[in-house]
Amino acid sequence: MSIIELKNVSKTFDAKKSNIHALSNIDLCVEEGEIFGVIGLSGAGKSTLVRCMNLLEKPTDGEILIDGKNLLKLSNRELRLMRREIGMIFQHFNLLMQRNVLDNVCFPMEIAGVSKAEARKRAKQYLDIVGLSDKAKAYPVQLSGGQKQRVAIARTLASNPRIILCDEATSALDPQTTGTILNLLKQINKEYQITVVVITHEMRVVEEICDRVAVLDHGVLAEVGDVKEVFKAPKSNAAKALLLERKIKQLEGDVANDI
Ligand SMILES: Nc1ncnc2c1ncn2[C@@H]1O[C@H](COP(=O)(O)OP(=O)(O)OP(=O)(O)O)[C@@H](O)[C@H]1O
Ligand SMILES: [Mg+2]
């Protein structure tokens with residue numbers, strides 16, 4: 001059984017002039033333990049898709065199954081419990097600015113009713129995993145972008161998730177820092193068998209960490225397959241265009257290095 005299954009999912013936003021079909025009839029499975037990428041141009045529907053996976057966005061049509069359970073049929077309490085198993089990290093980190101690093105990581109455990117002493121003990125372990133033990137007392141404003149994202153990842157781990165959804169988690173970071181965050185996600189995936197869904201507009205991110213990738217084009221699933229195969233022989237125009245863009249970026253990088 002797939003850990004995440006989307007069956008015929010559509011999402012339409014009502015707008016004054018004409019409705020926006022953000023997602024149209026998406027069928028998609030994410031297998032337990034894999035790193036699954038979703039790529040597409042701006043406005044393709046990536047964030048909407050990932051927000052449907054934990055029901056932050058309610059689909060207009062279709063079913064969302066986690067471990068075979070239909071999220072749309074869960075009670076509020078069951079949904080709250082299920083959501084704890086689905087962590088999320090974002091482009092802009094969403095840290096609490098008035099709390100130090102340790103207290104940020106403690107936050108989800110406090111909400112879940114974990115005692116303060118236990119939460120602090122576990123938070124220190126999560127900070128150790130993301131390599132930020134020495135910043136426990138620092139405030140977010142004192143951290144670099146990469147460090148803030150590490151705190152966000154530690155905070156997500158604190159909920160003991162089985163799935164982590166990453167919406168453009170590296171888009172605000174420079175290429176080198178992007179590399180270190182991707183490695184950290186890979187390490188977490190391997191060591192803790194956490195399924196990771198990575199939303200991105202960068203082929204480089206898909207190439208570096210994903211096992212499989214889905215290509216979204218104007219709310220439609222254009223293509224899904226093993227990353228190696230999609231890179232070698234893209235079938236859809238959307239995948240071809242994204243790969244061309246990647247090639248141009250690489251060439252620009254080479255030229256810049258030559259100068
Ligand atoms: N709450 C909303 N209300 C109305 N329209 C929305 C809403 N959220 C998204 N949309 C529209 O749905 C479409 C898909 O948006 P979405 O944010 O999912 O794209 P995306 O692929 O994540 O883009 P980006 O790469 O820029 O983040 C867009 O046309 C967007 O304007
Ligand atoms: Mg988005």
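Which residues are around ligand 1? In this predicted model, they are Phe13, Ile20, Ala22, Gly40, Ser42, Gly43, Ala44, Gly45, Lys46, Ser47, Thr48 and His201.

**Figure 1. The shell around ligand 1.** Two elements, β2 (20–30) and α1 (46–53), each give two or more residues to the shell around ligand 1. The most come from α1, which supplies 3 residues. By residue class, the shell holds 4 nonpolar, 7 polar and 1 charged.

Figure 2. Strand β1 covers residues 4–13 and runs antiparallel to β2, with 7 bridges joining the two. One of the pairs to look for is Leu6, whose bridge partner in β2 is Leu28.

**Figure 3. The open sheet of 6 strands.** The strands follow the order β6-β7-β8-β3-β9-β10, and their pairing is mixed. At the edges are β6 (86–90) and β10 (220–226), each of which pairs on one side only. From one strand to the next, the twist averages 15°.

Figure 4. Strand β7 (residues 163–167) runs parallel to β6, and 5 bridges join the pair. Within this pairing, Ile89 stands opposite Cys166 in β7. Helix α5 lies across both β6 and β7. The direction of α5 is at about 170° to that of β6.

**Figure 5. The contact of helices α5 and α6.** Helix α5 spans residues 145–157 and helix α6 spans residues 175–192; their axes come within 10 Å and cross at roughly 15°. With that crossing angle, α5 counts as roughly parallel to α6, because angles under 35 degrees are classed in this way. The crossing of α5 past α6 is right-handed. On the α5 side, the residues that meet α6 are Gly145, Gly146, Gln149, Arg150 and Ile153. Their counterparts in α6 are Thr177, Thr180, Ile181 and Leu184. The residues of this contact divide into 3 nonpolar, 5 polar and 1 charged.

Note on methods:
Residues numbered from 1 in each chain as written. Chains lettered and ligands numbered in written order. Predicted model: local features only at pLDDT ≥ 70, side-chain atom pairs only at ≥ 80, totals over all residues. Axes fitted to C-alpha atoms, helices over the stretch in contact; angles between N-to-C directions. Helix = DSSP H or I, 4+ residues; strand = E, 2+ residues; numbered from the N terminus. Parallel < 35°, antiparallel > 145°, perpendicular 65-115°, else oblique. Left-handed = near helix turned anticlockwise from the far one by under 90°. Contact = placed C-beta atoms within 7 Å. Nonpolar A, V, L, I, M, F, W, Y, C, P; charged D, E, K, R; others polar. Pairing = 2+ DSSP bridges. Near = placed C-beta within 6 Å.
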